[in-house]
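Please examine the sequence and the model shown below before reading the notes that accompany them.

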Amino acid sequence: KVIYTVTQPEESTAWSGLAGRIDENMIRKLVSLNDQIFYVCGPPAMVDVMTETVKSMGIPDERIRTERFIGY
């Protein structure tokens with residue numbers, strides 16, 4: 001399941017999805033934490049922050065997959 005979110009939707013765009021930075025509250029609201037594998041991909045700084053976020057929620061390393069998009 002993919003859930004799209006944007007940090008700041010353009011005022012001129014009719015965005016009807018989620019808005020705001022992904023944080024622990026958003027994750028807990030949208031995802032069951034039991035046995036899920038978390039895929040985190042994007043710019044390196046975002047991947048690092050999101051990885052630490054899910055780790056702080058008690059998700060073990062073996063259930064976290066990452067890919068850093070270099071060049072941002």
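Predicted model: local features only at pLDDT ≥ 70, side-chain atom pairs only at ≥ 80, totals over all residues.

Residues are numbered from 1 along each chain as its sequence is written, and side-chain values use heavy atoms, with hydrogens and water left out. The protein has two helices and four strands, and three salt bridges are present in the structure.

**Overall fold**

- From the N terminus on, the order of the elements is β-β-α-β-α-β; helices (H or I, at least four residues) and strands (E, at least two) are DSSP runs, numbered from the N terminus.
- The C-alpha trace spans about 40 × 30 × 20 Å along its principal axes.
- Of the 72 residues of the protein, 21% count as buried; buried means under 20% relative accessible area, exposed means over 50%, and partly exposed lies in between, with a 1.4 Å probe and protein chains only.

**Salt bridges**

- A salt bridge is defined as a side-chain nitrogen of Lys or Arg within 4 Å of a carboxyl oxygen of Asp or Glu.
- Glu24 is joined to Arg28 by a salt bridge, with the closest N and O atoms 2.8 Å apart.
- Both Glu24 and Arg28 belong to helix H1 (residues 24-30), where they are four residues apart, about one turn of the helix.
- Glu24 is partly exposed at a relative accessible area of 30%, and Arg28 is partly exposed at 43%.
- Asp48 and Arg68 form a salt bridge through their side chains, at 2.6 Å from N to O.
- This pair links distant parts of the chain, with Asp48 in helix H2 (residues 44-56) and Arg68 in strand E4 (residues 64-68), 20 residues apart.
- Asp48 is partly exposed, with 37% relative accessibility, and Arg68 is partly exposed, with a relative accessible area of 37%.
- Lys55 makes a salt bridge with Asp61, and their closest N and O atoms are 3.2 Å apart.
- Lys55 counts as partly exposed at 33% relative accessibility, as does Asp61 at 48%.

**The loop between H1 and E3**

- Asp35 is placed in the loop between H1 and strand E3 (38-42).
- Asp35 has a positive phi of about 60°, although it is not a glycine.
- Most residues other than glycine have a negative phi.
- Asp35 is exposed, with a relative accessible area of 71%.
- Asn34 also occurs in the loop between H1 and E3, and it counts as exposed at 60% relative accessibility.
- Asn34 and Gly71 are separated by 37 residues in sequence and by 34 Å in space, C-alpha to C-alpha.

- Trp15 lies in the loop between strand E1 (5-6) and strand E2 (18-19) and is partly exposed, with a relative accessible area of 35%.
- Together with Val2 and Tyr4, Trp15 forms a nonpolar patch on the surface, with about 360 Å² of accessible area for the three together.
- Patches are made of residues with over 30% relative accessible area and no salt bridge; like charges are joined within 9 Å, and nonpolar side chains (Val, Leu, Ile, Met, Phe, Trp, Tyr) within 5 Å.
- Accessible areas come from the Shrake-Rupley method with a 1.4 Å probe, and for residues only the protein chains shown count as cover.
- Thr7 is located in the loop between E1 and E2 and is partly exposed at 41% relative accessibility.
- Thr7 and Arg28 are 21 residues apart in sequence, and their C-alpha atoms are 18 Å apart in space.

**The largest pocket**

- The largest pocket holds about 980 Å³ of space.
- It is lined by 25 residues, of which Ile3, Ile22, Ile27, Tyr39 and Met50 are the closest to its centre.
- E1, H1, E3 and H2 are the elements that give two or more residues to this lining.
- By class, 18 of the lining residues are nonpolar, five are polar and two are charged.
- Ala, Val, Leu, Ile, Met, Phe, Trp, Tyr, Cys and Pro count as nonpolar, Asp, Glu, Lys and Arg as charged, and the others, Gly among them, as polar.
- On a 1 Å grid over the protein atoms alone, a pocket is an open set of points where a 1.4 Å probe fits, with protein on both sides within 12 Å along at least five of seven lines; lining residues have an atom within 4 Å of a point.
- Grid points are joined across faces, edges and corners, and a volume is the space filled by probe spheres set on the points.
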